[in-house]
Amino acid sequence: MAADISIPTTQRAALVRELGGPVNIIPDYPVLKPGEDEVLAQILYTGVCQSDLHTARGTAPGADGKPILNVKLPHVGGHEGVGRIVSLGPSSASVPEVKVGDLVGIRFLARVCHECEFCTSQREQHCVNATNHLHHEDGSFQEYCVLDRNYLTPLSPDIDPVVVGPVLCAGVTAYKAVKNAGLSPGQWLVVVGAGGGLGHFAIQYGKVVGANVIGIDTGQVKKDFVESLGGRFLDFAKSPNVVEEIKTITNGGAHGAVVCSGSGRAFTGAVDMLRIGGTLSCIGIPPGDIHLTTPLATIIIRGLKVVGNLVGSMEETLEAVELVRQGKVKPHIEVREFDELPHIYEMLEKGDILGRVVLKVAT
Ligand SMILES: [Zn+2]
Ligand SMILES: [Zn+2]
């Protein structure tokens, strides 16, 4: 195939050789050849997610609250990638039609079984036989990535490849969290950790469903940012009593709270801001064994709902992407060179990033 001729055998990749060790950009990581029913995509751009950092550090918690240490090494992270198909492996009769040149997304989920209870109910992010680009397979922090042709994320040719990467993890997660808050137009949504990658999406998806959005964060920069997205800002460091202030603004409490912060106290505080019957929609996974400390009596007597959101299904991903394609949601991104990833991790640790950093991978 002609397209194969220009594909190198080695590439730049961001390698973590041991969890907790440094991330290094190396020039000579092998480029895999696509196997049966696989494609090879050249990575154009990739977002940098907090989960990449926590996985590389060995601090990302699993469902039992303990760190996930069973990670393929060397580890190549990246699960907010946008790529262009450059080569097709041999294919069986049943695989979907794709061609060289198509734009595809590289998401958290890599492969699913299409057969389990969750795959057959549009919740395949919970597939019991899945592999993902965080723990099992190399992701978009490399120049070329092999993808399963039976589970490609198609992106329309008119989508902007520079901005759409962060929608594939942060965006869809926030989209789903807002959807699960079950808000009607005019109801109140509180977004905790409003100025970060997840938060800035949650504000905008909240506006799309017609909610009145209050963004909680701290500092003048985040205030300006939240207000530019159409949210009302509340500075948790300056307010004498955030919960009381929210209750006053909303006349009794918010109908939904999306918590993007990684702090356990932020989740418990958000429950106190809810109206009777309100929903706590959780997305930021705090590293470590962190518990929601709200009394059960509070949840029962106030009729509250608590819902967790692990990314989203393919269907939800494409819905979140479509709202960006239509211009209703605008990812706030800062483009950096691929080689800057180690520095970006340091910035992420300090919470210094507004919206999302996107790395330019293809040269
Ligand atoms: Zn992510
Ligand atoms: Zn499955």
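**Overall fold and local details of the predicted chain**

The protein chain folds into nine helices and 17 strands, where helices (H or I, at least four residues) and strands (E, at least two) are DSSP runs numbered from the N terminus. The radius of gyration, taken over C-alpha atoms, is 20 Å, close to the 21 Å that the globule rule gives for 363 residues, so the chain is as compact as a globular protein of that length. That rule is 2.2 Å times the number of residues to the power 0.38. This is a predicted model, in which local features need pLDDT of at least 70 and side-chain atom pairs count only at pLDDT 80 or more, while totals for chains, interfaces and linings use all residues. Residues are numbered from 1 along each chain as its sequence is written, and chains are lettered from A and ligands numbered from 1 in the order in which they are written.

Taken along the principal axes, the C-alpha atoms fill a box of roughly 65 × 40 × 40 Å. Of the 363 residues, 45% count as buried. Here a residue is buried if 20 or more other C-beta atoms lie within 10 Å of its own, exposed if 12 or fewer, and partly exposed in between, with C-beta atoms placed from the backbone. As for contacts, two residues make one if their C-beta atoms, placed from the backbone, lie within 7 Å. Among contacts between residues at least 6 apart in sequence, 71% join residues at least 24 apart.

The chain splits into domain 1 (2–168 + 312–360) and domain 2 (171–308), with bounds that come from an automatic or database domain assignment. Their C-alpha centres lie 28 Å apart. Where the two domains touch, domain 1 brings 22 residues and domain 2 brings 18. On the domain 1 side, the largest share comes from helix α8 (residues 314–325), with six residues. That side divides into eleven nonpolar, seven polar and four charged residues. In this count, Ala, Val, Leu, Ile, Met, Phe, Trp, Tyr, Cys and Pro are nonpolar, Asp, Glu, Lys and Arg are charged, and the others, Gly among them, are polar.

Next comes an open sheet of six strands, in the order β12-β11-β10-β13-β14-β15 and with parallel pairing. Two strands are said to pair if DSSP finds at least two bridges between them. At the edges stand β12 (232–235) and β15 (305–308), each with a single partner strand, so one side of each is left without a neighbour in the sheet. On average, neighbouring strands are turned by 20° against each other, direction ignored. Such angles come from lines fitted to C-alpha atoms (for helices over the stretch in contact) and run from 0 to 180 degrees between N-to-C directions.

Within this sheet, β10 (residues 188–192) and β13 (residues 254–259) run parallel and are joined by four bridges, and Leu189 has Gly256 of β13 as its bridge partner.

Helix α2 (residues 170–180) lies across β10, β13, β14 (274–282) and β15, running at about 155° to β13. Helix α4 (residues 220–228) packs on the sheet and touches β11 (212–217) and β12, making an angle of about 160° with the direction of β12.

A few single residues are worth a look. Gly47 sits in strand β3 (residues 38–47) and counts as buried, with 29 C-beta neighbours inside 10 Å. Apart from neighbours within four places in sequence, Gly47 is in contact with Glu80, Gly165, Pro166, Cys169, Ala170, Arg356 and Val358. One of these, Arg356, is 309 residues away along the chain, yet the two C-alpha atoms are separated by 6.8 Å.

The peptide bond from Leu73 to Pro74 is cis, with omega near -5°, and Pro74 belongs to the loop between α1 (50–57) and β4 (81–88). In the loop between β6 (109–111) and β7 (131–132), His114 has a positive phi of about 65° although it is not a glycine. Gln122, also placed between β6 and β7, has a positive phi near 55°.
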